[in-house]
Amino acid sequence: MAEITVTEAEQRRTSAQILDVREDFEVAEGMIPGALHIPMGQLQARLSELDPRVPVIVVCRSGNRSARVADALNAAGYDADTMAGGMIAWSREGLPAA
């Protein structure tokens with residue numbers, strides 16, 4: 001698993017799957033446009049919603065949960081990275097949130 005910057009995530013947004021693993025109440029504050037929202041606790045049951053042929057960028061609020069999820073996805077055969085700083089860093093950079 002690589003830890004990528006918000007700038008790298010923004011650049012790769014159209015070629016990768018953005019997976020937001022935050023809880024519903026956190027996502028209500030905004031998420032990366034086009035991201036797939038699957039709360040961390042539901043990931044196992046909803047894994048089929050991810051395309052294993054497309055790289056995944058995992059996002060959470062600050063980067064802790066996303067690192068654990070990216071590790072698990074890589075162990076399951078996905079190509080997954082985590083976005084350093086999570087949505088806190090994304091918002092700080094003034095990047096778009098839906």
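1. Strands E4 and E5 (residues 80-83) pair in the parallel sense over 3 bridges. Here helices (H or I, at least four residues) and strands (E, at least two) are DSSP runs numbered from the N terminus, and two strands count as paired if DSSP finds at least two bridges between them. Within this pair, Val 56 stands opposite Ala 80 in E5.

2. From E4 the chain crosses through helix H4 (residues 64-75) to E5, a right-handed β-α-β crossover: with the strands pointing away from the viewer, the path from the first strand over the helix to the second runs clockwise.

3. A word on the source: this is a predicted model, where local features need pLDDT of at least 70 and side-chain atom pairs count only at pLDDT 80 or more, while totals for chains, interfaces and linings use all residues. Residues are numbered from 1 along each chain as its sequence is written, and side-chain values use heavy atoms, with hydrogens and water left out.

4. E4 is also joined to strand E2 (residues 17-20), in parallel, by 4 bridges. Leu 19 stands opposite Val 58 in E4.

5. Have a look at the side chains of E4 (residues 56-59): Val 56 and Val 58 point one way, Ile 57 and Val 59 the other, and all are buried (under 20% relative accessible area, with exposed over 50% and partly exposed in between; 1.4 Å probe, protein chains only).

6. The open sheet has 5 strands in the order E1-E5-E4-E2-E3, with parallel pairing. Strand E1 (3-4) and strand E3 (36-37) are at the edges with a single partner strand each, so one side of each has no neighbour in the sheet.
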